[in-house]
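Colleague: Before I use this model, I would like to go through the labels attached to it and hear the grounds for each.

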Amino acid sequence: MPASLSRGGLVAVFVALAVICLPFADLATAGHDPWAELGRMARGFLSPDFTAVEQIGWAVALTVAFAVAGVALGGLAGLALAPFYRLRPVSWLAIALRSVHELFWALLLLQVFGISVWSGLLAIALPYAGIFAKVLSEILDEADPRPSRWLGVRVDPLTRFLWARAPLARPQMVSYALYRLECGLRSSAVLGFVGLPTLGYQLDSFFKLGNYGAAGAVMAIYILLIATVRQWMRPRLALAWLAAAVGVLTQVSSPPMGQGAFWRFLTQDIVPAPLRAGDPAALWPWLQDLVTGSILPGLGATLVVAQLALILAGALAFVGQALIVPRISGRIGAWLGHLVLVLLRSFPEYMLAYLFLQVFGPSMLPAILALGLHNGAIIGHLLGRQARTLTLRPDAPRGLTLWGWEFVPRLFGSFIALCLYRWEIIIRESAILGLLGVATLGFYLDDAIVALRMDRAVVILVATALVTIAIDALSRGIRARIGAGELQRRDALPGRVARQAGPS
Amino acid sequence: MQLLDGVDLGYDGAPVLRDLRLTIIPGQRVALLGRSGSGKSTLLTALRDALLQRDMRVALVPQDHALVPQLSALRNVLMGRLDDHGALRNLRTLIRPSRADRNAGLHDLDRVGLTDQADRAVETLSGGQQQRVALARAFHRGGDVIVGDEPLSAVDPRQALALADQIHHAFPTAILALHDVAIARAFATRIIGLKDGAVLFDLPADQLDPARTEALYAR
């Protein structure tokens, strides 16, 4: 990669890649009449049917309980790892944990624990522990070092951490944990699609019954839940919520798994079939078959979906950033733009893709639309927020002229940085959407799991994780080269240590 | 004791003070005077390091206080003795200080007149109150010598004199950078004037005359 890249050139390369991907994308809506289906869904959503409220209420309770308990467990584990994040084994463990998506964790855990509380809890807690470890270690590093320096060198590490590190980082840690809880609510709802008893499960079963009214009620409640999270989740109530969550989760009865399922999983199920059969020579052909038959086609489809979704997200964000600024679109326009972006980003990609799948039938289209709209809404929201803090000269124009002459050039760097940052997330998610039947990596993974070939599933999972890590590194490299750098603000702290120069 | 012997002091390799020699006799109360940027803070940091290398117990009052804003004033004061105890004892103190610790901490807050603010988070206190908490933390730490970087800059002159008197009684030896010449004369036994990266004068406090002061602060 050259040492520096021009931003315009970068956009051209990404668009060109998307054009090359286009012939390989399966966008057919064959045999489906999307408009009739859309009409039935719209009618359902506009007249939500709350008669199944008891069922839905319990699903809401479980969704919140899995989210709260899972985020708490992951947060505690991440907090325990964060001070040691500089050690190689710890950071590698954290990377491995977070490069596997929570739905994939759920699929694996379901094999070990069955449909039980632990499957849902760990599916959230394990990847979140990896994310928390990284972010909390960064927050701790950025905390004011002066009180710790005051303590001198004789103080033991635990005391230093508890007295002079953790309290200083607490406000940022609490606000990050709240943000993670919002993500956890989305994850927890989506876990329902693989069989755990949360809102996704309810939604799926109502759709299968064609009960659009009840599905509409689920969606309405879900949006309300996400939108009000900052009202009902207060840091000082966190312990009470956690206790309630544990209380709810203990009410879940789960079918018993055979004794030693975990041990069997580790020692038999995930051992490659040739090794299990005592034929190590067949390992290479087995792996080759797996790579050419599943991983490469899955990876190809994942990249095609992600590339097209990225361009769609970029286009939406490019326009959307303008829609929510009153000076451009008027007060009512900004309010409407806001509403659309909030709706699009509070739905998890997976749920959006599920809805689009009902409308357009199975192809890459639902996945591309869901990823593009959701991520575009997030980028557009963040850009719009930045746009409102820009200082404009008093005689600055309004409307489209303002957008074109001020916001687009001034926010272009942030726009590229945010798109690159979401790129990695889009790739992870397009692998996941394979579970819905699009032929991305998740499709092949699900295939292997359904066929109870866990050995193949684990290899595909590792390949997926490696792709995620590679794209993350690539995106970081490009961000550094276009000078967009880190998204977080890192102020240098005043009062640095004076250094003694010369002999002392 | 010879604390510095011909050293250059500075930030990032750019020396602020050159070829410095300094001996401090236990029992002395030293005031450093000089315009901002004259190298007082740099000199104090070097003196503190030199004292620590001689295994002296040093109580530091940094210019920026270095308090933990989220913790209460009392806990910030109790931080003064954390390195005397083990991790478990300190954890216990963080959760709930023992009665003896609490009383000792309150006594030191009383010296700076802040007993009634003991349980308020430091971030809710005013700048002057925060400075007094930092001073109370130094009192709680105690030791052979106090090293303070403008520890009285945010309190009013009358209070400053009273606090200087407290410092005088609490520590046998003191090295303070001060911004107020009157307080320096009232408090110190020895006054060092710094200007443009060099020692302009180093005198017993009663020999400081107005001409010297004027030269020190002149541009």
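Modeller: What follows is a set of questions about a predicted model, each answered by setting a value against its criterion.

Colleague: What makes the radius of gyration of chain A agree with that of a compact globule?

Modeller: For 504 residues a compact globule would have a radius of gyration near 23 Å, and chain A has 24 Å, so the value agrees. The C-alpha atoms of chain A fill a box of roughly 70 × 60 × 50 Å along the principal axes. Buried residues make up 44% of the 504 residues. Of the contacts between residues at least 6 apart in sequence, 77% join residues at least 24 apart.

Colleague: How does chain B do against the globule rule?

Modeller: Chain B comes to 8 helices and 8 strands. The globule rule gives 17 Å for 219 residues and the radius of gyration is 18 Å, so chain B is as compact as a globular protein of that length. The box around the C-alpha atoms of chain B is roughly 50 × 35 × 30 Å. Buried residues account for 43% of the 219 residues in chain B. Residues 24 or more positions apart account for 66% of the contacts with a separation of 6 or more.

Colleague: How are the domains of chain A placed, and what makes up the contact between them?

Modeller: The assignment gives domain 1 as 33-252 + 262-268 and domain 2 as 284-485. The C-alpha centres of the two domains of chain A lie 21 Å apart. Domain 1 of chain A puts 23 residues into the contact, and domain 2 of chain A puts in 18. On the domain 1 side, the elements giving two or more residues include helix H4 (88-98), helix H9 (166-191) and helix H11 (212-227) of chain A. That side divides into 17 nonpolar, 4 polar and 2 charged residues.

Colleague: How do you know that the end-to-end distance of H11(A) agrees with its length?

Modeller: At 1.5 Å a residue, its 16 residues should span 22 Å; the end C-alpha atoms are 22 Å apart, so the two agree. The buried residues of H11(A) include Tyr212(A), Ala215(A), Val218(A), Met219(A) and Tyr222(A). Their label means that 20 or more other C-beta atoms lie within 10 Å of their own. The buried residues of H11(A) pack against H2, helix H3 (53-81), H9 and H10 of chain A.

Colleague: What does the same test give for helix H16 (residues 283-323) of chain A?

Modeller: Its 41 residues should span 60 Å, and the end C-alpha atoms are 56 Å apart, which agrees. H16(A) also bends by about 40 degrees at Val291(A).

Colleague: Which segments form the domains of chain B, and what makes up their contact?

Modeller: Domain 1 of chain B is 1-57 + 143-219, and domain 2 of chain B is 69-141. Their centres, taken over C-alpha atoms, are separated by 26 Å. The contact takes 8 residues from domain 1 of chain B and 10 residues from domain 2 of chain B. Helix H6 (residues 157-170) of chain B gives the most to the domain 1 side, with 3 residues. By class, the domain 1 side has 6 nonpolar, 2 polar and no charged residues.

Colleague: Why is Leu208(B) called buried?

Modeller: Leu208(B) has 21 other C-beta atoms within 10 Å, and the label needs 20 or more, so Leu208(B) is buried. Leu208(B) is found in the loop between strand E8 (198-204) and helix H8 (210-217) of chain B. Leaving out residues up to four places away in sequence, Leu208(B) touches Arg185(B), Ile191(B), Leu203(B) and Thr213(B).

Colleague: Is Asp55(B) buried or exposed, and on what count?

Modeller: Asp55(B) has 7 C-beta neighbours inside 10 Å; a residue with 12 or fewer is exposed, so Asp55(B) counts as exposed. Asp55(B) sits in the loop between helix H1 (40-53) and strand E4 (58-61) of chain B. Its phi is near 60 degrees, a positive value in a residue other than glycine.

Colleague: What makes His65(B) buried?

Modeller: With 24 other C-beta atoms within 10 Å against a threshold of 20, His65(B) is buried. His65(B) lies in the loop between E4 and helix H2 (73-78) of chain B. His65(B) has a positive phi of about 70 degrees although it is not a glycine.

Technical notes: Residues numbered from 1 in each chain as written. Chains lettered and ligands numbered in written order. Predicted model: local features only at pLDDT ≥ 70, side-chain atom pairs only at ≥ 80, totals over all residues. Rg over C-alpha atoms; globule rule 2.2 N^0.38 Å. Contact = placed C-beta atoms within 7 Å. Domains from an automatic or database assignment. Helix = DSSP H or I, 4+ residues; strand = E, 2+ residues; numbered from the N terminus. Nonpolar A, V, L, I, M, F, W, Y, C, P; charged D, E, K, R; others polar. Expected span 1.5 Å × (residues − 1). Bend = angle between axes of the 7 residues up to and from the residue.
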